[in-house]
2 protein chains.
Amino acid sequence: MQNQKIIVHYEEFIFSDRSERLLLNNGLHFGPVTIRFETYGKLNKEKSNGILILHSFSSDSHAAGWYSKKDQSPGWWHDMIGHNRAFNTQRFFIVCSNVLGGCNGSTGPSSINPQTHKPYGLSFPVITIKDMVNAQYYLMQHLDIPQWYAVAGGSMGGMQALEWVITYPKKVQRTILIATTPSLSTQALAFNFIGRSAIMSDPHWKHGDYYQSKKKPSYGLSIARMLAHITYVSETSLSMKFGRKIQERERFVLDFEDQFTIESYLKHQGTKFVNRFDANTYLYLSKAMDYFDIAASYGSIESALRKSKSKFLIISFSSDWRFPPQASKKLVTALIRTHHEVSYVELECPFGHDCFLLKTEQQAKLIKGFLNA
Amino acid sequence: MQNQKIIVHYEEFIFSDRSERLLLNNGLHFGPVTIRFETYGKLNKEKSNGILILHSFSSDSHAAGWYSKKDQSPGWWHDMIGHNRAFNTQRFFIVCSNVLGGCNGSTGPSSINPQTHKPYGLSFPVITIKDMVNAQYYLMQHLDIPQWYAVAGGSMGGMQALEWVITYPKKVQRTILIATTPSLSTQALAFNFIGRSAIMSDPHWKHGDYYQSKKKPSYGLSIARMLAHITYVSETSLSMKFGRKIQERERFVLDFEDQFTIESYLKHQGTKFVNRFDANTYLYLSKAMDYFDIAASYGSIESALRKSKSKFLIISFSSDWRFPPQASKKLVTALIRTHHEVSYVELECPFGHDCFLLKTEQQAKLIKGFLNA
């Protein structure tokens with residue numbers, strides 16, 4: 001059973017296509033909206049066992065299982081979701097949806113605008129983390145779930161989890177925030193800006209109108225990804241994995257070819273990403289992360305969280321310099337000040353922000369304990 | 001006197017244009033070579049007071065003084081060089097030359113190849129830090145200096161200073177190494193690779209053959225510079241200076257314009273750089289830094305330094321994550337093991353690698369003490 005490939009499939013839910021339209025943070029109404037989602041486990045009769053998993057920047061609704069027996073790799077959080085896993089599908093009904101603005105089934109800039117019959121491109125509205133959460137709220141109603149047993153997410157997923165408990169304080173009983181932050185640091189804003197600049201200065205980007213072209217802004221997107229990748233890992237992990245190792249070549253030559261294995265590794269990461277991600281979605285989602293700032297939006301972190309009755313589990317990683325422990329501690333302090341039950345663990349892990357996806361065993365223990373308490 | 005603008009001028013020295021050609025690290029002979037340099041102070045009768053200042057990646061031979069009374073800013077290390085300054089021009093004869101491969105007067109990829117009457121572009125040979133030092137050795141002979149009282153440099157300048165004392169152990173009496181490293185970290189290799197990728201994927205780069213074109217690879221070079229800039233400063237300094245401040249605009253709008261002041265600041269840094277630096281030089285110099293690895297080149301740091309009789313002053317900065325204190329400490333350990341006199345100071349400074357250019361007062365004290373001991 002353990003070794004069998006659990007075959008899953010995705011579903012799609014369309015809303016905001018008639019009278020009641022999704023009201024965006026920028027004041028506009030938008031629709032129709034398709035949200036692609038997957039579920040694992042079964043909703044109980046009381047509808048009290050629903051857990052919403054929120055994905056990070058470049059992930060999607062495929063959190064666990066395989067689409068077919070031939071699939072090479074399972075969903076992005078497979079180790080955490082399933083029979084007796086952290087998110088136990090014997091007990092919980094797990095939901096994961098691709099975010100609004102995404103490029104993996106949910107409506108985003110690469111989707112066809114039904115009014116023009118062409119992809120939205122830059123005519124897609126600029127969206128925020130709150131807009132993503134509001135779209136997920138429609139999905140929650142569609143699934144007939146009155147309240148989440150828990151919402152959980154890492155990185156940008158943690159931002160959504162935070163926004164959930166702030167915007168819908170009565171709908172969330174437990175909140176799990178992993179390697180996340182109440183707002184991006186200046187350095188993270190700077191890295192995001194450079195990633196977007198690389199995409200937008202690629203001549204094939206054409207102000208976002210590249211969907212009909214043969215050539216896509218692949219160079220720009222690849223540079224953005226390579227850069228982001230460095231911020232997901234630590235110098236320690238790069239140094240352990242690659243150090244200053246030279247590529248296998250006949251001899252060490254002084255030229256402009258990839259010389260060090262770190263170079264070809266990065267190039268490979270860039271290329272892989274280009275094949276599965278949309279450049280405009282990169283722009284929209286990175287902007288949504290930039291805008292996310294609960295202190296600025298709600299006066300202070302404390303006042304943002306005051307209405308919530310949720311319990312919190314917050315996990316950070318010692319070597320994460322993109323979403324450093326310091327950022328999680330700000331949340332912890334605000335939650336204590338507003339009399340919340342909060343467990344905080346800073347896990348020792350040398351691999352940077354990626355620890356969130358790598359260090360699953362220790363996280364699983366913490367999450368199991370938190371969900372079963 | 002103190003407030004007067006000291007007018008300086010540069011000189012140029014041409015060598016390797018006849019029989020004896022510069023032997024490069026890659027085994028080729030190359031020439032002719034022009035080295036642009038500046039000197040401050042006077043060489044004494046004994047020719048024993050010469051100090052060679054070695055510049056960092058994006059600097060040049062203009063280390064001190066003004067070129068004219070209208071000049072807005074002086075040379076890059078002006079605070080450190082002059083009457084009663086750290087490098088006291090009353091006592092020392094200071095020399096600073098633009099590196100081989102540079103774009104500020106010394107022969108580099110943007111120079112005219114006398115055989116083709118066109119700029120070298122990528123036909124310029126790939127060069128190393130050792131090649132830069134060997135070119136400086138010709139300059140030393142040209143200036144009739146038998147031995148340096150001291151060599152000093154920060155960042156890539158520190159790499160050159162290190163290479164000087166290794167390659168010409170009898171020519172260097174004192175070595176000052178600031179915010180430097182015996183080899184780049186994997187993370188620094190990764191950042192350099194992405195910078196080069198941005199330049200080389202700019203369609204105006206044209207495999208380095210853009211000098212005759214109207215359009216230059218400005219986008220690529222600007223992205224490379226913005227990225228490098230983040231690694232020169234710390235999150236603390238970015239956060240102190242910019243935080244999440246919004247640009248002065250009528251209202252906070254959700255769009256793709258520069259929203260945060262950090263964004264327009266970075267853009268400004270990129271544009272300024274494009275106007276003064278050559279994209280191909282960026283490629284060649286960053287490669288030279290990547291290749292620099294004294295442990296790999298000489299068996300170990302210890303064996304590289306064994307022949308030197310120099311005294312050493314090594315300075316690092318607490319928040320420098322590009323050339324971290326850890327890298328300087330490796331040098332200190334190797335120097336102690338090889339029985340050198342070495343003073344090491346890690347200065348507390350929150351501004352990252354840039355502390356080298358910002359924190360001059362404390363460095364000046366240390367350097368004065370070291371040079372006068």
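Predicted model: local features only at pLDDT ≥ 70, side-chain atom pairs only at ≥ 80, totals over all residues.
Domain 1 of chain A brings 19 residues to the contact and domain 2 of chain A brings 15 residues, where two residues are in contact if their C-beta atoms, placed from the backbone, lie within 7 Å. On the side of domain 1 of chain A that touches domain 2 of chain A there are eight nonpolar, nine polar and two charged residues; Ala, Val, Leu, Ile, Met, Phe, Trp, Tyr, Cys and Pro count as nonpolar, Asp, Glu, Lys and Arg as charged, and the others, Gly among them, as polar.

Residues are numbered from 1 along each chain as its sequence is written, and chains are lettered from A and ligands numbered from 1 in the order in which they are written. Local features need pLDDT of at least 70 and side-chain atom pairs count only at pLDDT 80 or more, while totals for chains, interfaces and linings use all residues.

Between the chains, 39 residues of chain A are in contact with 39 residues of chain B. At least two residues of the side of chain A that touches chain B come from each of helices H3 (186-200), H4 (218-232), H5 (235-241), H6 (261-274) and H7 (279-291) of chain A. Helices (H or I, at least four residues) and strands (E, at least two) are DSSP runs, numbered from the N terminus. H3(A) gives the most to this side, with nine residues. By class, the side of chain A that touches chain B has 22 nonpolar, 10 polar and seven charged residues.

Chain B contains an open sheet of eight strands in the order S1-S4-S8-S5-S11-S12-S13-S14, with mixed pairing; two strands pair if DSSP finds at least two bridges between them. Strands S1 (11-15) and S14 (342-347) of chain B stand at the edges with a single partner strand each, so one side of each is left without a neighbour in the sheet. Strand S4 (residues 33-40) of chain B runs antiparallel to strand S8 (residues 93-97) of chain B, and four bridges join them. Phe37(B) has Ser97(B) as its bridge partner in S8(B).
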